[in-house]
Amino acid sequence: MKLTCPAPAKLNLFLHVTGRRADGMHLLQTLFRFIDLSDTLHFELRTDGVVHRTNFIEAVPEEQDLCVRAARLLQKNTGCTLGADITLEKCIPMGGGLGGGSSDAATTLIALNRLWSLGLTRDQLMELGLELGADVPVFLFGENAFAEGVGEKLQAYELPEAWYVVLFPPVHVPTAKIFSHPELTRDSVSIIIRALRTQPLRNDLQSVVCRLYPEVASYIETLGKYGSAMMTGSGACVFAEFPDQAQAEAVLQKLPQTMRGVAVKGLMKHPLQDWVL
Ligand SMILES: C[C@@](CO)(OP(=O)(O)O)[C@H](O)COP(=O)(O)OP(=O)(O)OC[C@H]1O[C@@H](n2ccc(N)nc2=O)[C@H](O)[C@@H]1O
Ligand SMILES: Nc1ncnc2c1ncn2[C@@H]1O[C@H](COP(=O)(O)OP(=O)(O)O)[C@@H](O)[C@H]1O
């Protein structure tokens, strides 16, 4: 038996750092939006219990791959003796604040819950997902969401149709380096969800990233000539929102050819939302 499933990327339409937990993890408020830029995962059932990624991905060794780790975590927690061959077609730039690894992990949990007939509920999958990373639960939640805590307290948030130009600056920003920076804003005032309609949106991680990686600042400045440009997550990717495809693509055309990026549609929900009860 085989399944082929998408794993969409996310944008953080705003991100505030409101405090720090006793274990050092930062408390955030953020708005997650899924976008139509996806990895594709293929799952083939194995009856010998082995979980194996079939393709070579230079930046991610098999044992570290969040898909493989998600599959093994699911086996461990359910006692399932089935396995899977997983083929991962990467399209989402890695380590860019687009949540690709987290999304791959969530898609693996959803797909194997079905392929192995485990019957775990959405809440059970979200609890498992959180063990793999703070960004995993939202992809299992399945709706665009306002998030608090480290990203695990989620409320569905309805967003209008929109298109995004997403640019990939050629730098790798380690998330831990930004969160541990002494000059990071860690005391933003908590907002209530309704304030999002009226408040200008910002990302509290952006100024530290721009100082350490001037390329990110330069991409924001260039894209900012055409729209309201911001960084997603801990970077390095930057984005701006447009009302329709034509406007987003026109902006992409005007940007210097050296700037890699895409024009993508914002999704109204996760493509596998209906797969989980
Ligand atoms: C910033 C966000 C916003 O969506 O996105 P990304 O840029 O990763 O996509 C996430 O909160 C990223 O969550 P996650 O992807 O789980 O972070 P990890 O890479 O595991 O975090 C690496 C390290 O960053 C620090 N960290 C991370 C998240 C957080 N809320 N507080 C932290 O202090 C911790 O030191 C952690 O060990
Ligand atoms: N399936 C995967 N896809 C991408 N990255 C992965 C995966 N599994 C593990 N990783 C690791 O997670 C890191 C963060 O990846 P990713 O989720 O793409 O970025 P971000 O957290 O910035 O949104 C990568 O640099 C890589 O080392």
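Start with β8: three bridges join it to strand β9, residues 238-242, and the two run antiparallel. Within that pair, A229 sits opposite A240 in β9. Bear in mind throughout that this is a predicted model.

Now widen the view to the sheet. β8 and β9 belong to an open sheet of four strands, in the order β8-β9-β7-β10, with antiparallel pairing. Which strands stand at the edges? They are β8, residues 229-231, and β10, residues 261-265; each has a single partner strand, so one side of each is left without a neighbour in the sheet. From one strand to the next, the twist averages 25°.

Two helices lie across these strands. Helix α7, residues 214-223, lies across β7 (163-167), β8 and β9, and runs at about 15° to β9. Helix α8, residues 245-254, lies across β7, β9 and β10, at about 20° to β7.

Next, the packing. The largest nonpolar core has 76 residues, and the ones that touch the most other members are L109, L140, Y164, V165 and V238. Strand β2, residues 26-46, supplies the largest share of this core, with eight residues. Both domain 1 (2-157) and domain 2 (163-265) contribute at least three residues to the core. As background, nonpolar side chains in soluble globular proteins tend to be buried together.

Take Y164 as one case from that list. What does Y164 touch, leaving out residues up to four places away in sequence? The contacts are L11, I35, F239, A240, E241, A248, V264 and G266. A240 has come up already, as the residue opposite A229.

Across the boundary, 24 residues of domain 1 are in contact with 29 residues of domain 2.

On the domain 1 side of that contact, the elements giving two or more residues are β1, residues 2-20, and β2. β1 provides the largest share of that side, ten residues. How does that side divide by class? There are eleven nonpolar, eleven polar and two charged residues.

To recap, β2 gives the largest share of the core, and β1 gives the largest share of the domain 1 side that touches domain 2. That's what I have.

Key. Residues numbered from 1 in each chain as written. Chains lettered and ligands numbered in written order. Predicted model: local features only at pLDDT ≥ 70, side-chain atom pairs only at ≥ 80, totals over all residues. Pairing = 2+ DSSP bridges. Axes fitted to C-alpha atoms, helices over the stretch in contact; angles between N-to-C directions. Contact = placed C-beta atoms within 7 Å. Core = buried A, V, L, I, M, F, W, Y, C linked by C-beta atoms within 7 Å. Buried ≥ 20, exposed ≤ 12 C-beta atoms within 10 Å, placed from the backbone. Domains from an automatic or database assignment. Nonpolar A, V, L, I, M, F, W, Y, C, P; charged D, E, K, R; others polar.
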